[in-house]
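Please look over the sequence and the structure that follow before reading on. The paragraphs after them go through a few places, one at a time.

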Amino acid sequence: MEHPDSILIVDFGSQVTQLIARRVREAGVYSEIAPFQSAADAFARMQPRGIILSGGPASVLDENSPRIPDAIMNSGLPMLGICYGQQALTQQLGGRVEKGMGGEFGEAFVSVDATCALFDGLWGEGERHQVWMSHGDHVAVIAPGFHPVASSPGAPFAIIADEARQIYAMQFHPEVVHTPDGSKLIANFVRHVCGLPGDWSMAGFRAAKIAEIRAQVGTGKVICGLSGGVDSSVAALLIHEAIGDQLTCVFVDGGILRAGEAEQVVGLFRGHYNIPLVHVQAQDLFMDGLAGVTDPEAKRKFIGKTFIDVFEAEANKIGGAEFLAQGTLYPDVIESVSFTGGPSVTIKSHHNVGGLPERMNMQLVEPLRELFKDEVRVLGRELGLPDVFVGRHPFPGPGLAIRIPGEVTRERCDILRKADAIYLEEIRSAGLYDAIWQAFAVLLPVRTVGVMGDARTYDYVLALRAVTSTDGMTAQAFSFPGDFLPRVTTRIINEVRGINRVTYDYTSKPPGTIEWE
């Protein structure tokens, strides 16, 4: 399908490539990401109006380093190169890149040495602006036709421009929030340089995805793994809008859900939306299989495999299902899948990312795979999903199992479920729920001595976690008002048998992840 008013983003393996797509969308322009290996095919299919080249871990000086496809280089379209993208452009157009003496990482300041279209209404000559650098190699000699328009102490060619060919390149990363004006620089490229109208919206994404789902599925049957979280709920509604009763949702209760979640999900999807829904009671299957398992990856893999096994059994009962739909988001993908030829390391596996057993002979339908969490919420509202679901904090596919370090048992799940419900209830009562990206409790595999009344106790420690974030890629601990944590601690200890101590986790991401496992 062609997208004439679009931007193609060529991915060279950067961990933050999706942020480029996000900034382009924020400017009201449709974008797609294609790995450099398949970028020529994506270019031919999309017929875009402009190209953005991402950063990446490779060095253009290495043998067999990623290259910009010839079809793109010869297209005559406007191009914007970022970090590795700048270096690849420079080398392929006749300039020279050199190994760095130590690189430049983190906050830096660029001086504006000349005007260019990227700076329209934004930066003036002689000004100095904050950016975020992350590079080892650097451009030593710019290619013919280019001239420098901004510099930094570690990058004399921080931004270069060939305005005749509408090719721009920068050594820093404009897509990250640490470059305060970065989104405006990208907006200037897609709107002013590429001449795109900026009229793409989530309504446009919805329409395009519905058409894409219909084209992929045809008259086939789809099973959707419904967890009750925002992602799978939005995916289910979108797919149902596309193909109606060709979709059957499978909701698996493995005993690792939050309090009252099963009733909410069944009531909304089977009752309100009248979507075919199979509610599978699989608590025994999951709890028996998790007995004695303490390694976080082993838990995730068991839960993922068991979910797939349950889906396979339900698919066989339904008969003829050719597709499995999932609410996979981009942060799941980049934390799970290593980019071919790049350094995107596997941080932790996600049960809703990856392949299915070959014997199932089912294809994946993942309509949200290119979206961040906040974009999924916008789409959910676009689809009419109630706020109680749209605004719900993220909940991991493996559920409470990865909020119980150590062995997962029914008793521990019950203790955690009660404590977590109190924590979230207090957050809502304080009017703080929507100010927090994600809040949850973690039951630690630690027992401590306590005194309750005149009796000695030896019970579990509970950790509380709450973070603020834009997209889940980075996060900061939420600072509660002074009396909140003492109040919620008192309630949990008084009301939940088995807990006698409560702590609060102040760790940011990075270095930690949001979830504990």
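**A walk through the model**

Thr328 is buried, with a relative accessible area of 0%, where buried means under 20% relative accessible area, exposed over 50% and partly exposed in between, computed with a 1.4 Å probe and protein chains only. The model is a predicted one, in which local features need pLDDT of at least 70 and side-chain atom pairs count only at pLDDT 80 or more, while totals for chains, interfaces and linings use all residues. Residues are numbered from 1 along each chain as its sequence is written, and side-chain values use heavy atoms, with hydrogens and water left out.

Thr328 sits in the loop between strand 15 (321-325) and helix 11 (330-334); helices (H or I, at least four residues) and strands (E, at least two) are DSSP runs, numbered from the N terminus. The side chain of Thr328 is joined to that of Glu366 by a polar contact of 2.7 Å, a polar contact being a pair of N or O atoms within 3.5 Å, of which, within protein, one must be able to donate a hydrogen and the other to accept it, with residues adjacent in sequence counting only if both atoms are side-chain atoms.

Arg270 belongs to helix 8 (residues 261-272) and counts as partly exposed, at 38% relative accessibility. Leaving aside residues up to four places away in sequence, Arg270 touches Val265, Ile275, Leu277, Val278 and His279, where contact means heavy atoms within 4.5 Å.

Asn274 is found in the loop between helix 8 and strand 14 (277-281), and its phi is near 55°, a positive value in a residue other than glycine. Asn274 counts as exposed, at 61% relative accessibility. Gln166, in the loop between strand 10 (155-162) and strand 11 (167-170), also is not a glycine and has a positive phi of about 55°, but Gln166 counts as partly exposed at 30% relative accessibility.

Helix 14 (residues 410-429) and helix 15 (residues 484-495) pack at an angle of about 145°, their axes 10 Å apart; axes are lines fitted to C-alpha atoms, for helices over the stretch in contact, and angles run from 0 to 180 degrees between N-to-C directions. In this packing, Ala419, Ile422, Tyr423, Glu425, Glu426 and Ile427 of helix 14 meet Phe484, Arg487, Val488, Arg491, Ile492 and Glu495 of helix 15.

Helix 15 itself has 12 residues and reaches 17 Å from its first C-alpha to its last, close to the 16 Å expected at 1.5 Å a residue, the expected span being 1.5 Å times one less than the number of residues. Phe484, Leu485, Val488, Thr489, Arg491, Ile492 and Ile493 are buried in helix 15, and the buried residues of this helix pack against helix 14, strand 17 (438-452), strand 18 (455-468) and strand 20 (499-505).

In the segment after strand 20 lies Pro510, which is joined to Lys509 by a cis peptide bond with omega of about -15°. The peptide bond from Pro510 to Pro511 is cis as well, with omega near 15°, and Pro511 is likewise found in the segment after strand 20.
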